[in-house]
Amino acid sequence: MIYHELLGLDIEIISSTDPGVEGLKGVVVDETEKTLRIYSPDTDKVRTVFKLGNVFKFRLPETNETVVVMGDQIIGRPGERAKRLVRR
């Protein structure tokens, strides 16, 4: 999962060092090295949250299964995460 493309995935923040984003649900609309931008249909807003310090639950559309990921495991640009897989 840590090498998967995150854009477009349903996401929920299940634990956070920032209580203001804990429980946030939505769709990943952008990703940088250290942040995710999440569109929440409940508030009709896009929130930027740090990867570090958060625990995310993603729903994979292909299988409809959910995967829990620590934010520090997905730090880095998407292309860099894929390169780490090749190097191992």
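This is a predicted model: local features need pLDDT of at least 70, side-chain atom pairs count only at pLDDT 80 or more; totals for chains, interfaces and linings use all residues.

Me: Okay. How many bridges do β3 and β4 pair over, and in which sense?
Reply: Six bridges, and the sense is antiparallel.

Me: And what else is V46 in contact with, leaving aside its neighbours within four places in sequence?
Reply: Besides Y39, V46 is in contact with V29, R37 and I38. There's also a spacing to look at: V46 and G26 are 20 residues apart along the chain, and their C-alpha atoms are separated by 8.9 Å.

Me: Now the whole sheet. In what order do the strands come?
Reply: The order is β4-β3-β2-β1-β5-β6, six strands in an open sheet with antiparallel pairing. β4 and β6 each have a single partner strand because they stand at the edges, so one side of each has no neighbour in the sheet. From one strand to the next, the twist averages 40 degrees.

Me: What holds paired strands together in general?
Reply: Strands of a sheet pair through backbone hydrogen bonds, and that can be parallel or antiparallel.

Me: How many bridges are there between β1 and β2?
Reply: Three, with β1 and β2 (residues 25-31) antiparallel to each other.

Me: Is D44 buried or exposed?
Reply: Exposed, because its relative accessibility is 56% and the cut-off for exposed is over 50%.

Me: Which loop holds N64, and what is its phi?
Reply: N64 lies in the loop between β5 and β6. Its phi is positive too, at about 65 degrees, and N64 is not a glycine either.

Me: Switching to the inside. Which residues of the largest nonpolar core touch the most other members?
Reply: L36, V49, F56 and F58, out of 16 residues in that core. At least two core residues come from each of β1 (10-16), β3 (35-40), β5 (54-59) and β6 (66-70).

Me: How many aromatic pairs does the structure hold?
Reply: One. F56 and F58 make it up, with ring centres 6.0 Å apart and planes at 40 degrees, so the pair is tilted. Both F56 and F58 are buried.

Me: Last one, N54. Where does N54 lie, and is it buried or exposed?
Reply: N54 lies in strand β5 and is buried, with a relative accessible area of 6%.

Me: What does the side chain of N54 have beside it?
Reply: A polar atom of that side chain lies 2.3 Å from the backbone oxygen of F50. Leaving aside neighbours within four places in sequence, N54 is also in contact with a set of residues including I13, S15, V49 and M70.

Terms used: Residues are numbered from 1 along each chain as its sequence is written. Side-chain values use heavy atoms; hydrogens and water are left out. Rings of Phe, Tyr and Trp (its six-membered ring) pair if their centres lie within 6.5 Å; planes under 30 degrees apart count as stacked, over 60 as edge-to-face and the rest as tilted. Buried means under 20% relative accessible area, exposed over 50%, partly exposed in between (1.4 Å probe, protein chains only). A nonpolar core is a set of buried Ala, Val, Leu, Ile, Met, Phe, Trp, Tyr and Cys residues joined through side-chain atoms within 4.5 Å. Helices (H or I, at least four residues) and strands (E, at least two) are DSSP runs, numbered from the N terminus. Contact means heavy atoms within 4.5 Å. Two strands pair if DSSP finds at least two bridges between them. Axes are lines fitted to C-alpha atoms, for helices over the stretch in contact, and angles run from 0 to 180 degrees between N-to-C directions. A polar contact is a pair of N or O atoms within 3.5 Å; within protein, one must be able to donate a hydrogen and the other to accept it, and residues adjacent in sequence count only if both atoms are side-chain atoms.
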